[in-house]
Amino acid sequence: DPFDAAKLLVVFARLKEANDNGLKPNFDRPREALEAYPIDGMTMVGTIESKGVMKALVRVGTTTFAVTVGSYIGQNFGRIIGITDSKVDLVETIQDASGEWVERKATLEKQEAR
């Protein structure tokens, strides 16, 4: 039977070994506050500069957080890789359909005041 569960597990294990790119999140590091929220529930509301370091102001609900390059945000192991006056660029580490860890880029754009 080509669809035998035991045979499929062996094949998937071989594929995983052959395609292991070494990429996976660090599960041992302490989680940051904004990792508890999904990216689509966040809003970039501005930037500030302190001691030569650009920080983005990110709002979740009624709370605003200051984040820098290297901060982790979102529920998909998102790490900020760039901040400008108009957006926050990040890279998320997610599992694809085969269980392999891959990176995808995402952007959190500044929302204009209404």
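1. Threonine 93 lies in strand E6, strands being DSSP runs of E with at least two residues and helices runs of H or I with at least four, numbered from the N terminus. Threonine 93 is buried, with a relative accessible area of 10%; buried means under 20% relative accessible area, exposed over 50%, and partly exposed in between (1.4 Å probe, protein chains only). Not counting residues up to four places away in sequence, Threonine 93 touches Leu23, Pro25, Asn76, Phe77, Trp101, Val102 and Glu103, where contact means heavy atoms within 4.5 Å.

2. A remark on the basis of this note. The model is predicted, so local features need pLDDT of at least 70 and side-chain atom pairs count only at pLDDT 80 or more, while totals for chains, interfaces and linings use all residues. Residues are numbered from 1 along each chain as its sequence is written, and side-chain values use heavy atoms, with hydrogens and water left out.

3. The protein chain contains 1 helix and 7 strands. Read along the sequence, these elements follow the pattern α-β-β-β-β-β-β-β.

4. As to overall dimensions, the C-alpha trace of the protein chain spans about 60 × 30 × 25 Å along its principal axes. The radius of gyration is 18 Å, whereas a compact globule of 114 residues would have one near 13 Å; the radius is taken over C-alpha atoms, and the globule rule is 2.2 Å times the number of residues to the power 0.38. Buried residues make up 27% of the 114 residues. The chain exposes about 7800 Å², of which carbon and sulfur atoms supply 52%, as given by the Shrake-Rupley method with a 1.4 Å probe. Among contacts between residues at least 6 apart in sequence, 39% join residues at least 24 apart.

5. Strand E1 (residues 42-50) and strand E2 (residues 53-60) run antiparallel and are joined by 8 bridges. Methionine 44 stands opposite valine 58 in E2, and isoleucine 48 stands opposite lysine 55 in E2. The hairpin of E1 and E2 has 2 residues between the strands.

6. Lysine 51, in the loop between E1 and E2, has a positive phi near 55 degrees. Phenylalanine 77, in the loop between E4 and E5, has a positive phi of about 55 degrees. Which of the words buried or exposed applies to lysine 51? Lysine 51 is exposed, with a relative accessible area of 84%, whereas phenylalanine 77 is buried, with a relative accessible area of 15%.

7. Another open sheet is formed by 4 strands in the order E4-E5-E6-E7, again with antiparallel pairing. Strand E4 (72-73) and strand E7 (101-109) stand at its edges, each with a single partner strand, so one side of each has no neighbour in the sheet. Strand E6 (residues 87-95) runs antiparallel to E7, and 9 bridges join them. One of the pairs is aspartate 89, whose bridge partner in E7 is threonine 107.

8. The largest nonpolar core has 15 residues, of which Met42 and Ile73 touch the most other members. Such a core is a set of buried Ala, Val, Leu, Ile, Met, Phe, Trp, Tyr and Cys residues joined through side-chain atoms within 4.5 Å. E1, E2, strand E5 (78-83), E6 and E7 each give two or more residues to this core, and E2 supplies the largest share, 3 residues. In soluble globular proteins, nonpolar side chains tend to be buried together.

9. Which residues does isoleucine 73 contact, leaving aside its neighbours within four places in sequence? Isoleucine 73 is in contact with Leu34, Glu35, Ile39, Met42, Val67, Gly78, Ile80 and Leu90.

How values were computed: Two strands pair if DSSP finds at least two bridges between them.
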